[in-house]
There are 2 protein chains.
Amino acid sequence: MTVSYSFNHPARVAEATRTRVLETAARLGYRPDSTARALRSGRARQLGVVVGEHLSYLFDDPQAAQFLAGVSDVCVEHDLGVVLIPTRGDHDDVDRVLSAPVDGYVLWTTVIDDPVLDAVAGCARPAAIQGGPAHPGLICVGPDDRAAAAAVASAVPLQTATPVVVSFPLDRRRAVRLLRGAELPEDLADTAAVPFPVTGARLAGYRDALTAAGYDWDDVCVAVVERNQRQNGEVAARELLAALPEAGSLAVLAMSDELALGARAALTGAGREALLTGWDGSPEAAASGIWSVAASLREQGRACARAALGDGGDDVVRPTSWTVIAPR
Amino acid sequence: MTVSYSFNHPARVAEATRTRVLETAARLGYRPDSTARALRSGRARQLGVVVGEHLSYLFDDPQAAQFLAGVSDVCVEHDLGVVLIPTRGDHDDVDRVLSAPVDGYVLWTTVIDDPVLDAVAGCARPAAIQGGPAHPGLICVGPDDRAAAAAVASAVPLQTATPVVVSFPLDRRRAVRLLRGAELPEDLADTAAVPFPVTGARLAGYRDALTAAGYDWDDVCVAVVERNQRQNGEVAARELLAALPEAGSLAVLAMSDELALGARAALTGAGREALLTGWDGSPEAAASGIWSVAASLREQGRACARAALGDGGDDVVRPTSWTVIAPR
DNA sequence: CTGAAAGCGCTTACAG
DNA sequence: CTGAAAGCGCTTACAG
């Protein structure tokens, strides 16, 4: 059809014909049907954003919002639609995800043993996942958590204080525990031993920094919290204080600003001095004397979208930038 | 094809045949292609959410996030995809919106003179818009702003204080002004006179309440701000104080909690007592002695999605619930 | 109860 | 430079 050529390959049609076609189309309100176009071309021109568990969580979390904004930056640029695909934890999640008319997937906050992970990794469409877990068939986008954890821990004067760690859960059982480095798996990157890869990588980074500073990781106290909320940080700090009654000031390496702020409240309440590191680069942490790591989730969203478009190489891991933020 | 019947009309196929088809499909990883299905059936099974101006704004605004969560509630329930359609203010916005493979539209924060509004209203697909403006061809979803404004204004003891209004802009010129009720259009619902319909409706509600309380609207001071930010409320309050040096305590009817909080800061700074009303039901307002109106944006999102699905009647306006929140 | 046929609206080699 | 033909993967009357 000459009309089709006029829209898609203007050079192949005589100028006059093309003008006539386009004008008539405008007058008639005709425009190519995107569904038919998608069927014929095999490209839906849409990217699917798979959101673990409840979609509403995505919208309650400002970090997630930044991530999604990054995804949509790239999609606007390439004139692609963004389709939100919530998973419910049903068995038909896999079906819904694979049935979606999209050219690639961006995965957000999916648990490691989610069957959707295997399904998406195994399908023909490119897929990127924010923050891991690394998975054959998925491009893993995110900061190098281990390096960033080591850097933020090294930013504080470790020599002057007893280092302790306030850690995210190791796995989805989310058991609250207080243990020593020796009780943790040797290989923290082994997702069989530490199913939450972000937790493992950050623990490894803290270990790197503490070992370099002359501490024996085996003796370091690690408080594992259930969730990333301020009060969990408070409880963890109290337990650490109880476990280390003799220690002087503490250097608390916490995996989030929220946890660090909670720990700080508990320590201040107990009249104890402490150096603290968190994560996420929140203004409140910086204002509260807490070192932090800032990694732009918007940038990660952009990187995920590009990967899910099949742009760029076939690298399995795409590191994104991060910086250590000193308190002000 | 028997396969098609097995998936879509199981009753029309013998039990044994169907089982065999489904098992084979599962083994082969076959599932119906949604694009082909959409082409054939004429239904994309997707809803488009048209987001005015920049998509990233959507994600910076927690209210918007709630709205989107409401839309996705309904879409999950009906197994529909949610496609985000950002508009850029280009001339090809209309084209992009109309080209999207969706069965209906939900419009969010679109300005009244947006050509997308006419385009969407004029197309065959059902469309709903949050908060207005009312537009032929669009289903308008939102609380009754006029009634809610009257209710929140009436909730404060108006007799004991001089009432003043801190208003959103009347139009997209967003001129900062200080005027009297008499200078405002008589018909506040006339979108030619007051292009921002929410502003007009709330002004009308305040007028209702003040008139009922025995005040002459013509004399009431109305400060119009440029944007909905705290500092704009502060500036407005200072101007009101300057304009009403003789007045005792004020009753400030502000169109948002942010504006009310700003006004409160300015008045407290000037050592003045004030009763205040805001809008949005924020915890901070409630904790600061400010009456407010809470209207669930999640509920509005749900209502928009249902309307955009073509569910329900052909009513042009779908009021959603609201409540006046007293400070605690 | 099952299967062959038409057609949804496009795009792309291909022939004129 | 322009147009007739096949086919993307479905669904749905229709015939067997």
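Tutor: We will take the terms one at a time and set each against its rule, remembering that this is a predicted model.

Student: What makes Ala14(A) and Thr17(A) count as residues around DNA strand D?

Tutor: A residue is near a strand if its C-beta atom lies within 6 Å of it, and 20 residues surround DNA strand D, with Ala14(A), Thr17(A), Ser4(B), Asp33(B) and Ala36(B) as the closest. Both of your residues therefore belong to the set that the cut-off of 6 Å defines.

Student: Which element supplies the largest share of the surface near DNA strand D?

Tutor: That is H3(B), with five residues, while helix H3 (34-41) of chain A and helix H1 (2-8) of chain B each supply at least two. By class, this surface has ten nonpolar, five polar and five charged residues.

Student: What is found around DNA strand C?

Tutor: There are 20 residues around DNA strand C, and Ser4(A), Asp33(A), Ala36(A), Ala14(B) and Thr17(B) come nearest. Here H3(A) gives the most, with five residues, and the surface divides into ten nonpolar, five polar and five charged residues.

Student: Which residues of H3(B) are buried, and how do you know?

Tutor: They are Ser34(B), Thr35(B), Ala38(B) and Leu39(B). A residue is called buried if 20 or more other C-beta atoms lie within 10 Å of its own, so each of these four reaches that count.

Student: Why are the buried residues of H3(B) said to line one face of the helix?

Tutor: Seen down the axis of H3(B), the buried residues fall within an arc of 140°, so they line one face. The face turned away from the buried side carries Arg40(B) and Ser41(B), which are exposed.

Student: Against what do the buried residues of H3(B) pack?

Tutor: They pack against H3 and helix H6 (93-99) of chain A, so the C-beta atoms of the contacting residues must lie within 7 Å. As for the two chains, 27 residues of chain A are in contact with 28 residues of chain B. To the side of chain A that touches chain B, H5(A) gives the most, with six residues, and by class that side has 17 nonpolar, seven polar and three charged residues.

Student: Why can we say that the copies meet through the same surface?

Tutor: We can say this because 100% of the interface residues of chain A are also interface residues in chain B.

Student: How do you know that the copies are related as by a two-fold rotation axis?

Tutor: A rotation of 180° with 0.0 Å of shift along its axis superposes chain A on chain B, with an RMSD of 0.1 Å. The two copies are thus related as by a two-fold rotation axis. Of the residues of chain A, Val83(A) comes closest to the rotation axis, at 2.3 Å for its C-alpha, and the bridge partner of Val83(A) in S2(B) is Val83(B).

Student: What makes S2(A) and S2(B) a pair of strands?

Tutor: Two strands pair if there are at least two bridges between them, and S2(A) and S2(B) have three, in the antiparallel sense, so they meet the rule.

Student: Why is strand S9 (residues 250-254) of chain B called mostly covered?

Tutor: Five of its five residues are buried. On one side of S9(B) these are Leu250(B), Val252(B) and Ala254(B), and on the other Ala251(B) and Leu253(B).

Definitions and conventions:
Residues numbered from 1 in each chain as written. Chains lettered and ligands numbered in written order. Predicted model: local features only at pLDDT ≥ 70, side-chain atom pairs only at ≥ 80, totals over all residues. Nonpolar A, V, L, I, M, F, W, Y, C, P; charged D, E, K, R; others polar. Buried ≥ 20, exposed ≤ 12 C-beta atoms within 10 Å, placed from the backbone. Arc of directions from axis to C-beta. Least-squares fit on C-alpha atoms with pLDDT ≥ 70 in both.
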